[in-house]
Amino acid sequence: MPTEVIEAVLIAGDGIGPEVTAAACEVMQAAGAPIKWLSMPAGVGAVATHGDVLPEMTLAELRRVGVGLKGPVGTPIGGGFRSVNVSLRKALDLYAAVRPVRNLPGVKTRYENVDLVIFRENTEGLYTGIENQVAPGVVTSMKVATETACTRIAESAFEYCVHRNRKKVSVFHKANIMKLTDGLFLRCAKAVHDAKYPQIGYEEIIIDNACMQLVRDPSRYDVLLMENLYGDLVSDLCAGLVGGLGVVPGANIGRDCAVFEAVHGSAPDIAGKGLANPLACLMSGVMMLNFLAEKHHSQPCRIAAERIKGAYDHVLAEGKIRTRDLGGSATTDEFTTALISSL
Ligand code: ATP
């Protein structure tokens, strides 16, 4: 039994959330991760049990322990309550979404040598959801950008480059059309680069061209920096380069709290069928362990993270047991068992 125990909030979420978070926790426990999970409600399921999609007690626990692993939550389309993800990120000021996108051993795609990290501004842009009906048949949506938020996400991206030996930041934008908002985003990114990180490569690319370049040759990119909505879209595009949404993890990082979660949504089409790939959630758990290893100088977290990464690299490279999204026929449970056997 590990002597050191670190508390972390666990949000199972909706759809495939309970399946993938259970699998991730099982593997993390088997790998000796010294985590005491505090299960907290959020999402559509929390309305029935706690009368709220994002109960205050969940936010309070996250504020107290400062770290969590979260499954996806459902969001109604074209009406209904505000996205829980948006509310959570706003409430805890989790301003940086960090999403590493890499080729995995044995997972063949059209591309090789993909090794990108997306930095998505997580608190403003069109995601503020400020919309108005100005006249019958005429609606508007307000895109918000502040110097503070644009500057701190740029700082995060460049600081990451320094720590992880990354060479270049590419800023995706549409400042030719959104001259004020995307213009501010660009100006802040360039100011941060020029003042503090001149040794890191820097480029600005109009996002439509950037997407074309991404699908033509993703290996030309290193760290990608962009505002909220572009980050959402480009994350799914990038997932498609390396095998899909089942293999891309993520972190939402603020000054006082960090919540780790896969890029994918609640996937209602496969929920409850044992078909979900738990890897993206597990990889998010590995990011959490590495974050804790740094924050608490926790050797057990570091070792558990390495063991889990070794296990999934091995199982994927072997190629015998895979979930359906990666061309296999294994269930979530069968894949989880294979990972645990390979630890
Ligand atoms: P959101 O808007 O909430 O991010 P989304 O519209 O991007 O959601 P997802 O729920 O992520 O949609 O699902 C998109 C597709 O990818 C669906 O067909 C879903 O089944 C598939 N998918 C997503 N996550 C996984 C997973 N972990 N394993 C297997 N398939 C997945």
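Tutor: Let us begin with the crossing itself: in this predicted model, helix α5 passes helix α6 in a right-handed crossing. Helix α5 spans residues 147–164, and its axis comes within 8 Å of the axis of α6, the two crossing at roughly 45°. An angle of that size makes α5 oblique to α6.

The residues that form this contact can be named on both sides. From α5 come Glu147, Cys150, Thr151, Ile153, Ala154, Glu155 and Phe158, and they meet Leu184, Phe185, Cys188, Ala189, Val192, His193 and Lys196 of α6. Sorted by class, the contact of α5 with α6 has nine nonpolar, two polar and three charged residues.

Ten strands, written in the order β2-β1-β3-β12-β11-β4-β5-β10-β8-β9, form an open sheet with mixed pairing. Its edge strands are β2 (35–39) and β9 (201–206), each of which pairs on one side only. From one strand to the next, the twist averages 25°. In general, the strands of a sheet pair through backbone hydrogen bonds, in either a parallel or an antiparallel manner. Within this sheet, strand β8 (residues 168–173) and strand β10 (residues 223–226) pair in the parallel sense over three bridges. Valine 169 has valine 223 of β10 as its bridge partner.

Helix α6, residues 181–196, packs on this sheet and touches β5 (115–121), β8, β9 and β10. The direction of α6 makes about 170° with that of β9.

Helix α9 in turn has a partner in α1: their axes come within 8 Å and cross at roughly 50°. That angle makes α1 oblique to α9, and the crossing is right-handed. The contact involves Val20, Thr21, Ala24, Val27 and Met28 of α1, together with Cys281, Leu282, Gly285, Met288 and Leu289 of α9. By class, these residues are eight nonpolar, two polar and no charged.

Helix α1 (residues 17–30) also packs with helix α11 (residues 332–341), at an angle of about 15° and with the axes 10 Å apart. Such an angle makes α1 roughly parallel to α11. The crossing of α1 and α11 is right-handed. On the α1 side the contact is made by Glu19, Ala23, Glu26, Val27 and Ala30, and on the α11 side by Thr332, Thr336, Leu339 and Ile340. This contact divides into five nonpolar, two polar and two charged residues.

Finally, consider the protein as a whole. Its secondary structure comes to 11 helices and 12 strands. The C-alpha atoms fill a box of roughly 55 × 45 × 40 Å along the principal axes. For 343 residues, a compact globule would have a radius of gyration near 20 Å, and the value of 20 Å for this protein agrees with that.

Terms used
Residues numbered from 1 in each chain as written. Predicted model: local features only at pLDDT ≥ 70, side-chain atom pairs only at ≥ 80, totals over all residues. Heavy atoms only, no water. Axes fitted to C-alpha atoms, helices over the stretch in contact; angles between N-to-C directions. Helix = DSSP H or I, 4+ residues; strand = E, 2+ residues; numbered from the N terminus. Parallel < 35°, antiparallel > 145°, perpendicular 65-115°, else oblique. Left-handed = near helix turned anticlockwise from the far one by under 90°. Contact = heavy atoms within 4.5 Å. Nonpolar A, V, L, I, M, F, W, Y, C, P; charged D, E, K, R; others polar. Pairing = 2+ DSSP bridges. Rg over C-alpha atoms; globule rule 2.2 N^0.38 Å.
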